[in-house]
Amino acid sequence: MDKTLTKKTLKKLKELKLTAYQRELDEHLSKLSVKFNDWKNKKITAMVLRDHIYDFDKGPSKKISGFYDYFDDHICVARAVDTGILKKEEVPEDILELIDRNIDSFKRLEKI
């Protein structure tokens, strides 16, 4: 990664990373929300709901937080573009050029 990135580019990378993080978390929280509705409608018990919350906390929540906390902004944005969490149209051209190799790396990993 080039150490001479502008403050504007670094700020945009951070914003894109945060957007991707929120979208990915939203996706999994939406699934958990269904379980809350099932509980409210007495389709599942509080104990079953608790198990779903536990599974979410130890599974998707931990995995997502771990990824976004551990990896640099450009890696997170590249993965988000590769997985469709972020659309290419949402990412400025200069950042796409910057992360292009990373996106290709994720695509190659998917084939393994």
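Predicted model: local features only at pLDDT ≥ 70, side-chain atom pairs only at ≥ 80, totals over all residues.
Let's begin with the pairing of α1 (residues 7-40) and α2 (residues 46-70). Their axes come within 10 Å and cross at roughly 175°. Angles over 145 degrees count as roughly antiparallel, and α1 and α2 are therefore roughly antiparallel to each other.

Now follow α2 on its own. This helix has 25 residues and spans 34 Å from its first C-alpha to its last, close to the 36 Å expected at 1.5 Å a residue. Along the way α2 has a kink of about 35°, centred on serine 61. Ser61 is also one of the buried residues of α2, together with Leu49, Phe56, Ile64, Ser65, Phe67 and Tyr68. The cover over these buried residues includes α1 and α3.

That brings us to α3 (residues 73-83). Ten of its eleven residues are buried, so α3 is largely enclosed by the rest of the structure. The buried residues of α3 are Asp73, His74, Ile75, Cys76, Val77, Ala78, Arg79, Ala80, Val81 and Asp82. Just after α3, take a look at glycine 84, which adopts a positive phi of about 90°.

How values were computed:
Residues numbered from 1 in each chain as written. Heavy atoms only, no water. Axes fitted to C-alpha atoms, helices over the stretch in contact; angles between N-to-C directions. Helix = DSSP H or I, 4+ residues; strand = E, 2+ residues; numbered from the N terminus. Parallel < 35°, antiparallel > 145°, perpendicular 65-115°, else oblique. Buried < 20%, exposed > 50% of the residue type's maximum accessible area, 1.4 Å probe, protein only. Expected span 1.5 Å × (residues − 1). Bend = angle between axes of the 7 residues up to and from the residue. Contact = heavy atoms within 4.5 Å.
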